[in-house]
Amino acid sequence: VEFGVKAEGMKLTVVAPFWRTDIEIPEDVVEEVGRLYGYDRLPLRLPKRDLTPAPRDLLLDAKTAVRARLAKAGANEVLTYSFVPGDLLKKTGQDPAQAFEIANALSPDLQYYRLSLMPSLLEKVHPNIKAGYDEFALFEIGKTHSLDLKDKDGLPAEFECTALVVTAADKLKKPGSPYYQARIYLEALVGVPLEFKPLTKDAMEYPVVQPYEPKRSALVSVKGGEFLGIIGEFKPSVTRALKLPKFTAGFEMDTAVLQPLLQGGVGYVPLSRFPGVKQDISLKVKADLAYQELYEFVDAQVREQAPQDSQVRVTPTDIYQKDAGNKHVTFRVAITALNRTLTDKEVNTVLDVAAAAAKKKYSATRL
């Protein structure tokens, strides 16, 4: 039976039953009525539209801030595939059985969805070293998945992550620990006090932790706040498998947790045109005293005693333990005034006060 309508003014009446296989939803009926009645006979009215601006995407703002800060710190952003080969997961200590496998992968190199960003970054280190880039830092902002983690709808949970790796070719014989170089990038990114704690047995079960050497890595959290991620150097097996330089370290952080930390921004302070003064301070302390606690104490004391309008940086240079009861910890203190040239005597006075405070609190002996 054909479908038809009878028009009486603007009132439309269906005059016959109909059966149409292409009409399934109410909108299909409306379209058919308009076609038969005549689109040119319909009243002309502007559609109503809500002019309320769309809410700002705070996570997108956070990613923009991460890019800007790490780029200003000298790092280079890369964009790698979200899919990785199972061989790469195995080389970094991750279990392919924990990753989503692509049933119809275009290539064996794109077989699994990555469990973390770090393997993809580490894979790019050796080709760049081989191409002649002796020292650099790479970072990536992306998503990761895990087979055993689902969201409230039962779908694969997505994790927004930010990862960075810093490296230097072996021929440079770069001194110091790469862990602290990566930490400089992290502290420049976050700009708030952080806590660094040893890896726990429970943490070692997570795929994101697998590439890291437990004794040279730390779990990172906001001081008195949320867990952020992991920072550290990599296992010897990972270094050999991916042909990494000895001076290689990195971190991987939760971008969603970083988001509120980036809203305030990091203030820009121009470099001083006056030369700075560097001095080392070595303290003998009990072996069970955590390095982080001692570092924060010395850093606070030096900043409190340093002249006003000066830039202060305290970095570790050596941790030596001769016996089971004590250890020697050495810090390098660099103080630069913005308005004049400091003297060695002024800096020595600052270190004397810091050493005296450490002796009073921790029974530390200055060497």
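Two strands are taken to pair if DSSP finds at least two bridges between them, and the views of this predicted model that follow use the term in that sense.

**View 1. Strands S12 and S15 pair in the antiparallel sense.** The pairing of strand S12, which covers residues 277-286, with S15 runs over 2 bridges. Within this pair, lysine 284 stands opposite threonine 365 in S15. Against the sheet packs helix H10, residues 344-362, which touches S12, strand S14 (326-337) and S15, and whose direction makes about 15° with that of S12.

**View 2. An open sheet is formed by 4 strands in the order S13-S14-S12-S15.** The pairing in this sheet is antiparallel. Strand S13 (310-320) and strand S15 (365-366) each have a single partner strand and stand at the edges, so that one side of each is left without a neighbour in the sheet. In general, the strands of a sheet pair through backbone hydrogen bonds, in either a parallel or an antiparallel manner.

**View 3. Strands S13 and S14 form a hairpin.** There are 5 residues between the two strands of this hairpin, and S13 and S14 pair in the antiparallel sense over 10 bridges. Glutamine 311 stands opposite threonine 336 in S14.

**View 4. Helices H2 and H6 pack at an angle of about 135°.** The axes of helix H2, residues 58-72, and helix H6, residues 178-190, are 9 Å apart. The crossing in which H2 passes H6 is right-handed. On the H2 side of the contact stand Val66, Arg69 and Leu70, and these meet Tyr185, Ala188, Leu189 and Val190 in H6. Of the residues in the contact of H2 with H6, 6 are nonpolar and 1 is charged, while no polar residue takes part.

View 5. Along the principal axes of the protein, the C-alpha trace spans about 105 × 50 × 40 Å.

Methods
Residues are numbered from 1 along each chain as its sequence is written. This is a predicted model: local features need pLDDT of at least 70, side-chain atom pairs count only at pLDDT 80 or more; totals for chains, interfaces and linings use all residues. Side-chain values use heavy atoms; hydrogens and water are left out. Contact means heavy atoms within 4.5 Å. Axes are lines fitted to C-alpha atoms, for helices over the stretch in contact, and angles run from 0 to 180 degrees between N-to-C directions. A crossing is left-handed if the near helix is turned anticlockwise from the far one by less than a right angle, and right-handed if clockwise. Ala, Val, Leu, Ile, Met, Phe, Trp, Tyr, Cys and Pro count as nonpolar, Asp, Glu, Lys and Arg as charged, and the others, Gly among them, as polar.
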